[in-house]
Every structure is written in structure tokens, then in C-alpha cells.
Amino acid sequence: MVTPIIDGHIHLHEFSDDEIREICWRKDLLLLAVSDDLASSRKTLELGQRCLNVFPAVGLHPWEVGDIEDVSSVLSEFAEMIRGSSTRAVGEVGLDKKFVPQTYEKQVPVFRFFASLAAETGKPLSIHAAGAWREVLEVLDELSVKKVVIHWFTGPLDLLEEIASRGYYIGVNAALKVQKKMREVVKAAPLEIMITESDGPYNYRGLRLGPHMIPEVIEFIAGTKGIDEEEVRRVIHRNFVSLFTS
Ligand SMILES: [Zn+2]
């Protein structure tokens with residue numbers, strides 16, 4: 001059997017029904033489907049029930065935090081969802097000082113809330129950390145979170161060692177086709193901490209990201225590391241599976 005490829009961070013709920021049908025039944029693809037808010041979290045959980053290859057994650061994206069009025073009632077609904085057995089991971093959650101610095105103060109307690117629930121339940125966290133790479137690691141250390149993927153990691157290269165030493169992973173995004181920084185991260189990081197991802201259907205510089213781009217990411221990693229593609233698939237699959245085993 002061929003090792004399945006991994007899309008370790010996708011907003012599956014944003015794809016069309018036709019696209020979801022196509023993605024959902026593939027035996028050669030495993031996905032970690034993240035959410036942005038309560039409504040998308042409910043939809044993602046439904047997709048997780050329907051699609052055997054989908055690991056559903058629920059969470060509140062840092063870009064959404066600013067618009068929430070009654071934060072505590074929203075968070076208590078999330079707590080119930082995360083403790084439920086159909087939720088396999090927590091995300092997309094995190095801190096963002098790059099795109100939404102104006103809500104940073106409001107983001108911090110929300111991220112701490114999700115990180116503590118991840119620590120409590122042992123479920124992995126899919127983290128958005130744009131412009132707040134170190135800040136995120138400090139919170140994770142303080143709350144002793146064990147299973148972490150820093151999604152679309154384009155932070156300082158000197159953090160890679162810190163990430164690896166904690167047993168955390170980085171998301172290697174399909175945007176590497178057009179994003180030099182992502183390619184530099186692949187060159188600098190060990191394969192043992194990489195998980196491939198699309199962040200689809202996000203549109204990055206005219207590129208509509210999606211799982212169809214993952215094979216190219218694998219090809220790039222293999223070329224950069226000088227190993228064959230099957231070996232890359234095997235290690236990334238192992239990295240992904242380790243998030244869901246204790
Ligand atoms: Zn995302």
C-alpha cells in the first residue's frame with residue numbers, strides 16, 4: 001500500500017460540496033481540517049463524521065477574536081466541543097501580531113484558554129503564529145502543551161531548534177512555490193519536524209491553495225534533502241500519526 005499524503009492544515013468547510021466530495025473519500029490523503037469560529041467548527045465536526053480521512057479540529061481563529069462580543073459564553077461552548085469525542089484536535093487558534101496587532105490583547109487570553117484545553121485533553125493544537133512565533137512558544141511552555149503544529153511556519157530560523165527540542169512540528173505550506181521564506185525553512189528544518197499542508201482554499205498571491213498541491217511540496221522537500229519522495233511521504237505520515245497517539 002502507498003503511504004497516504006498529508007494535508008495537515010486545511011479549511012475544508014470553505015470548499016464547495018463537489019470539492020469536498022472529491023477530497024473526502026480519497027484513501028491516499030489524510031487531512032487535519034481546522035475551523036475559524038463556532039459555526040465552522042460545527043461544520044468541520046460533521047465533515048469528520050462523514051469522511052474517514054478527515055481529522056476534525058475546532059477553534060477560534062485569531063482574526064475572528066476581535067469581533068466576538070460575549071467571549072466567555074463562546075469559549076464555554078468550545079470547551080464542551082473540545083472535550084467531546086468527535087473533536088480530534090484544536091485549531092486554528094493562536095496569536096497574530098502581523099495582520100491583526102490591534103486585537104492582540106484580546107487574543108492572548110483566548111489562546112491561553114485553547115492551549116490549556118489541549119493540554120488537558122491531550123489533543124493536538126494547530127497554531128497560527130504570524131508575527132508572534134516566540135510569544136506562542138512561551139505560552140505553550142508555561143501550559144505544558146505537548147502536541148503542537150506551528151502551521152505555515154515562516155518564523156525566525158533560529159526557532160527551529162527550539163521547536164524540534166520540544167517535539168513540536170512545523171507546517172510546510174504549498175505556498176513554497178511562490179514564497180522564498182517557506183523554501184528557506186524547508187532547507188533549514190529537519191524532515192522529522194515537518195508536516196505538509198495547504199491551508200486551502202486560502203488564496204495566496206493568486207494561488208488558490210489546496211490538497212492537489214501537496215505532491216509538489218513532497219517533491220520539493222525530497223529534492224532539497226536529497227532523498228526519495230516515498231521516504232518523505234513515510235516520515236511525514238509518521239509525524240502526522242504521532243499527533244494522535246500518546
Ligand atoms: Zn489556516
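**Zinc site and overall fold of a predicted chain**

The chain holds 10 helices and 10 strands, where helices (H or I, at least four residues) and strands (E, at least two) are DSSP runs numbered from the N terminus. This is a predicted model, in which local features need pLDDT of at least 70 and side-chain atom pairs count only at pLDDT 80 or more, while totals for chains, interfaces and linings use all residues. Residues are numbered from 1 along each chain as its sequence is written, and side-chain values use heavy atoms, with hydrogens and water left out.

**Zinc site**
- The zinc ion has as protein donors His9 (NE2), His11 (NE2), Glu92 (OE) and Asp199 (OD), at 2.1 to 2.2 Å; donors are N, O and S atoms within 2.8 Å of the metal (3.2 Å for Na, K and Ca), and because water is not among the atoms, sites may look incomplete.
- Glu92 in strand S4 (residues 89-94) and Asp199 in the loop between strand S8 (194-197) and strand S9 (203-204) link distant parts of the chain, being 107 residues apart.
- Glu92 counts as buried because its relative accessibility is 2%, and Asp199 is likewise buried at 7%, where buried means under 20% relative accessible area, exposed over 50% and partly exposed in between (1.4 Å probe, protein chains only).

**Overall fold**
- Of the 246 residues in the chain, 56% are buried.
- Along its principal axes, the C-alpha trace spans about 50 × 40 × 40 Å.
- Among contacts (heavy atoms within 4.5 Å) with a separation of 6 or more, 69% join residues 24 or more positions apart.
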